[in-house]
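Subject: Structure handover

Hi,

Here is the structure you are taking over. My notes on the salt bridges and a strand pair follow below it.

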Amino acid sequence: MLQRSFLPKTLLSLIRANTAPLGKPLVPELLLHLISTSSPWYFQASVPELANDPFWSVFWPGGQGLARFVCDNGSLVRGKTVLDVGCGCGATGIACQLQQSRRVICNDIDIAALAATIANFELNQCPDPILSSLNLVEDFDLHLLVGDSIDVVFLGDMFYDENFAIKVLDWCKHMAINGSEIYIGDPGRWGLEFIKSYITKVAEYEIDDIDNKEYQTVNVFKFKSEFYS
């Protein structure tokens with residue numbers, strides 16, 4: 001587990017300087033540091049100051065759907081320990097914090113995403129979450145992450161290809177066996193086809209977002225954990 005002090009201060013400053021605090025119509029409750037046309041990064045094919053492409057600087061549709069779902073169904077997370085896997089900008093974790101989750105864990109293998117998450121929690125006047133940079137889909141040992149059980153898991157926009165979808169499915173089965181409820185946000189990417197028999201749709205939202213023009217709706221699914229409990 002990581003704390004804010006682990007993150008380079010220069011990285012936090014870089015994120016704040018090259019993004020703008022923006023909201024999205026689907027989740028107007030949140031402001032996030034996102035890339036906009038006013039950002040130099042918007043027009044660059046790559047960002048040499050960062051180790052990885054800044055995927056965290058876009059509020060992807062699956063994350064928007066999950067954040068909306070949490071804001072509309074606060075009782076699902078209130079008083080619980082929640083884990084946002086591949087957290088990106090941290091929006092789902094922020095929504096959980098606003099709905100009074102007991103413990104919020106934000107996980108991403110990209111340190112810049114964790115820095116953006118900290119900046120976004122601060123922007124929304126939320127206390128820092130617990131951070132993790134572990135590759136949880138490859139390493140099932142959650143004892144390295146947190147001492148008690150994970151009540152609710154969120155995965156947004158994770159099913160972007162077949163091979164990774166199968167790995168995520170195996171991890172979801174593992175988490176379900178250990179008692180976690182699992183919610184998945186996705187606008188209908190190809191990888192979802194490989195898990196459709198394991199999930200049931202619990203919400204659908206229209207999405208009107210200039211940064212995600214190819215999608216008009218986003219769905220939230222619940223993993224059928226009863227098969228593995």
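Start with lysine 167, which is partly exposed at 40% relative accessibility (buried means under 20% relative accessible area, exposed over 50%, partly exposed in between; 1.4 Å probe, protein chains only). This is a predicted model, so local features need pLDDT of at least 70 and side-chain atom pairs count only at pLDDT 80 or more, while totals for chains, interfaces and linings use all residues. Residues are numbered from 1 along each chain as its sequence is written, and side-chain values use heavy atoms, with hydrogens and water left out.

**Salt bridges**

Side chains of opposite charge can pair when their charged atoms come close. The rule used here: a side-chain nitrogen of Lys or Arg within 4 Å of a carboxyl oxygen of Asp or Glu. That rule gives ten salt bridges.

One of them links lysine 167 to glutamate 138, with the closest N and O atoms 3.1 Å apart. Glutamate 138 sits in the loop between β5 (130-132) and β6 (152-156), and lysine 167 in helix α5 (residues 162-177), so the bridge ties together parts 29 residues apart in sequence. Helices (H or I, at least four residues) and strands (E, at least two) are DSSP runs, numbered from the N terminus. Glutamate 138 is partly exposed too, at 48% relative accessible area.

Next, glutamate 181 and lysine 222. Their side chains form a salt bridge at 4.0 Å, N to O. Glutamate 181 belongs to strand β7 (residues 181-186) and lysine 222 to strand β9 (residues 217-223), so this pair ties together parts 41 residues apart in sequence. Glutamate 181 is partly exposed, with a relative accessible area of 25%. Lysine 222 is also partly exposed, at 25% relative accessibility.

Then glutamate 193 with lysine 196. The closest N and O atoms of this salt bridge are 3.1 Å apart. Glutamate 193 is partly exposed at 41%, whereas lysine 196 counts as exposed at 53%.

**Strand pair**

Which way do strands β1 and β2 run relative to each other, parallel or antiparallel? Antiparallel: four bridges join β1 (residues 20-24) to β2 (residues 27-34). Two strands pair if DSSP finds at least two bridges between them. Leucine 22 has leucine 32 in β2 as its bridge partner.

Best wishes
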